[in-house]
Amino acid sequence: MEFTVGQIAQLLNGTVVGDASAIINSVAKIEEGKPGCISFLSNLKYESYLYTTGSSAVLVDSTFTPKKDVSAALIYVANAYAAFTRLLEEYQKAMQQGKQGIEQPAHFGEGSTMGEQGYRGAFSYVGRNCIIGQKVKIYPNVYIGDNVQIGDESIIHTGVRIYDDTQIGNQCTIFANSVIGGDGFGFAPQADGTYRAIPQLGNVIIEDRVSIGSNTTIDCATIGSTVIRSGVKIDNLVQIAHNVEIGKNTVIAAQTGISGSTKIGEQCVIAGQVGVGGHLVIANNTKVGGQAGVTKSFKKEGLSLNGTPAHDLKAHLRNQSLVRQLPEFEKRIQHLEKKQDSSDQD
Amino acid sequence: MEFTVGQIAQLLNGTVVGDASAIINSVAKIEEGKPGCISFLSNLKYESYLYTTGSSAVLVDSTFTPKKDVSAALIYVANAYAAFTRLLEEYQKAMQQGKQGIEQPAHFGEGSTMGEQGYRGAFSYVGRNCIIGQKVKIYPNVYIGDNVQIGDESIIHTGVRIYDDTQIGNQCTIFANSVIGGDGFGFAPQADGTYRAIPQLGNVIIEDRVSIGSNTTIDCATIGSTVIRSGVKIDNLVQIAHNVEIGKNTVIAAQTGISGSTKIGEQCVIAGQVGVGGHLVIANNTKVGGQAGVTKSFKKEGLSLNGTPAHDLKAHLRNQSLVRQLPEFEKRIQHLEKKQDSSDQD
Amino acid sequence: MEFTVGQIAQLLNGTVVGDASAIINSVAKIEEGKPGCISFLSNLKYESYLYTTGSSAVLVDSTFTPKKDVSAALIYVANAYAAFTRLLEEYQKAMQQGKQGIEQPAHFGEGSTMGEQGYRGAFSYVGRNCIIGQKVKIYPNVYIGDNVQIGDESIIHTGVRIYDDTQIGNQCTIFANSVIGGDGFGFAPQADGTYRAIPQLGNVIIEDRVSIGSNTTIDCATIGSTVIRSGVKIDNLVQIAHNVEIGKNTVIAAQTGISGSTKIGEQCVIAGQVGVGGHLVIANNTKVGGQAGVTKSFKKEGLSLNGTPAHDLKAHLRNQSLVRQLPEFEKRIQHLEKKQDSSDQD
């Protein structure tokens, strides 16, 4: 997509100094700019790049005055960083609006309905009795089982698998190849050493404005629902087991795993590669550091946890520091022993 | 699917007290029941819910006598919990039997054969010279390469990828987007710093009644076979490298990784996010705790391991507790030093 | 595919002793050989298997003289191990060359072009304005977005998802169900506790001869590019976040995660389940041990790191050993205290 500098200035309520007819077709960091790119300058630490940038246009604060000649067109706006973010959002929206209609072949099961202005890509599969809202995008090669509900303006990226009975709210995004609603991992040991699968008949409920990364897995509940509350953001390769509940606006980074029936509070921040055990309760506003292993419930709000088994961050750092001092401790003990020996011999 | 309370009682050899014509179309925990649901009461800790539940029917032990009025229909059976599990299994079986026949378009390569009563979903791909047993379900968007064998009653969920020459036994289940038989990670370093891929010409053999979760990867052997023995249960996002062998009835939880050529015994239980190094041997009945890192072989049966590097659970817990006591140790050493100093000055 | 022993000998410049007309259709380790297989003997530790092997042919060094009768045909070559590796490579090449042409239905978007001798499998999807080189193989159920470039002789395995604007070089291999170019995990916290997605408008650049395993995820850059340099080898279930750069010929084992904006040097070897924090710089030739957690930059080349937080391997091993000695330390401190107590009472 291409715009002129002038069109962008108009969109952002800005004023152009320089060539308003220059063509913009991409964005770049100011230090990496090329002709056709637009960049921004907000932190004056980066001002020197303004005079050397290859970008065709740069957004600057309206209070800014350049000290040297600038070859790029300048667009003066109230807040260059905010304007740049707005520009990115508009650009993304414009790009995404391109997809509409149905590409064939696509499978759409009996009894299913889909709202207006949606997209279903080629080789996508929608089962029976699904209710799909307005402006929903279902990319190519997606699989959606039976009795699934998807709210308005949600985006299901290519290769996502959604099992029967899953409910997804409005404005959710699920990235490629994630699996929603596969069986929970439940097996009853038998007398002969084998295991028998416990039927997993529950579902997954995903509320509104949830984002789920690529290749993530969220298992259905044994009975009842695995629940992802509104505003939750989940990264790639995350495992959410059966009957888990993730509270509103909680953020979970890549490769973390939450075991069965655990309940994570609201507004938590869980870093990457964390493991959380089963049947635990984690309070609101808890922070968990990378690779931590949470083995018990933390019901007090606002804690920062780290380590395996996870405990209070400060105690964790103190212990880590002491482990690093062990060679010195050993010397001090040896020294004490030597002295005592010599005093014994007195 | 809908049944009457009376039909369910008949299936479970139970006796109804209450409305045998009430319609049941779902299951629920007794505390979360709604009209149309069936629940069970086994542990009397939950008896109070019986008198308030919204469920239309509740399974109870034949020895049970309610203390108050119950609005739900009661179905008396020998063992309420066992009957409920049986009901779930029958329900699941009934649901799954719905899928049969071939949805078009589906690709089925030259020389391949498939037994009776099977299902192949739309956009599924079966390569050449495959032998697929009876009552096998191949969901939409599945890919199966050439020369693959799949035994009777196995279920290959949507998006699963099965590479050439893989052998899968009877009654196996592979959940969505798992990859069976991708190349092992083997590269020979060259003099110029580059790596050259070592051809991976072996295959994967999966025996009977194996369950594999979603987004799991099992690599083919370099030469020979990566082998998953009968009854093994593997969770989501697990990595099994080339030439690994997993013994009968071993259970592996989510996000665990087993490195190349390692042999895990029978009836082992490996928790989540565990890493096991390459070329190791782990004896039968070994238990490995979450996030442990196994760096050497453990050939004695029945051990419980934890920590990184993994060692005996008891020693691990003792060490963990001592690490937490390090601040106190430091004080004790300081105290000893002070005393010794003062005695030196005597 | 089938060959005679004589044909294989000719390919490898070898001399046959035994039945040159025997049919070979598979490879096996010498101790696991069956009729129809070819094996090799290089390390004389395995010589006894030569006299009992079921293989139809065995490659041996030209300097080798058997001590007993051998039922297999022997192919004498200059270096049996090198010849066997060559044979595997030829075999793999022959197998892969089988795939050519276009299987229908397959989607190929407007403005896209593809070079000669390529393969596009059934249910594969190529978006608009893609430039695909010669001899490229795109397996069934692959999704490729818009404006994607793929160089000559690259292989995109089944179920791979490649987002818009991705650039892939020559002779790359991406295994099943990996996702290239999904959104980076970037969210701006809002005053009301919700998060707003930061548009991710960059792309992924993968240079030449890169290998990427199954179910791996590589996110696009926020602005600019996530870059995987030539010769990099990445295993299964690996997470590469937005704006990361991986240097030439670096090897990354399974389930490792690299956080946003981190730059890994050339010729590094990163083991499995490692976590590397964001905005770090790791120098060339760094080695990182399994499950390590790298929390700061290491700008000196050639270090070996381990532990969480990762530090020098030697110091790590020393600390680990001291932690294991803590029970003994405790005893030594108790002993000192007792002695001091008794001397106090003197």
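Which residue is the bridge partner of B:Gly182 in strand 26 of chain B? The views below get there in a moment. This is a predicted model, where local features need pLDDT of at least 70, side-chain atom pairs count only at pLDDT 80 or more, and totals for chains, interfaces and linings use all residues. Residues are numbered from 1 along each chain as its sequence is written, chains are lettered from A and ligands numbered from 1 in the order in which they are written, and side-chain values use heavy atoms, with hydrogens and water left out.

**View 1. Strand 21 of chain B pairs with strand 26 of chain B.** The partner of B:Gly182 is B:Asp219. Strand 21 and strand 26 (residues 217-219) run parallel, with three bridges between them. Strands here are DSSP runs of E with at least two residues, and helices are DSSP runs of H or I with at least four, both numbered from the N terminus. Two strands count as paired if DSSP finds at least two bridges between them. Strand 21 (residues 179-182) also pairs with strand 18 (residues 161-162) of chain B, again in the parallel sense, over two bridges. There, B:Arg161 has B:Val179 as its bridge partner.

**View 2. Nine strands of chain B make an open sheet.** Read across, the order is 10-13-16-19-24-27-30-33-36, and the pairing is parallel. Strand 10 (113-114) and strand 36 (281-282) are the edges, each pairing on one side only. Elsewhere in the sheet, strand 24 (residues 203-206) and strand 27 (residues 225-228) are joined by four bridges. Look for B:Asn203, which sits opposite B:Ser225 of strand 27.

**View 3. Chain A meets chain B.** Chain A brings 62 residues to the contact and chain B brings 56; contact means heavy atoms within 4.5 Å. About 4800 Å² is buried between these two chains, with carbon and sulfur atoms giving 56% of it. Buried area is the accessible area (1.4 Å probe) that two parts lose on being put together, summed over both. There are three salt bridges between chain A and chain B, a salt bridge being a side-chain nitrogen of Lys or Arg within 4 Å of a carboxyl oxygen of Asp or Glu. B:Glu89 forms a salt bridge with A:Arg196, and their closest N and O atoms are 2.7 Å apart. On the side of chain A that touches chain B, strand 23 (195-197), strand 26 (217-219), helix 4 (313-324) and helix 5 (326-345) of chain A each supply at least two residues. Helix 5 of chain A gives the largest share, seven residues.

**View 4. Chain C meets chain A.** Here 62 residues of chain C touch 56 residues of chain A. The buried area is about 4700 Å², 56% of it from carbon and sulfur atoms. Three salt bridges turn up across this interface. A:Glu89 forms a salt bridge with C:Arg196, with the closest N and O atoms 2.7 Å apart. On the chain C side, helix 5 of chain C provides the largest share, seven residues.

**View 5. Chain A laid on chain B.** A turn of 120° and a shift of 0.0 Å along the axis put chain A on chain B with an RMSD of 0.1 Å. That's the relation of a three-fold axis. The superposition is by least squares on the C-alpha atoms of residues with pLDDT of at least 70 in both copies.
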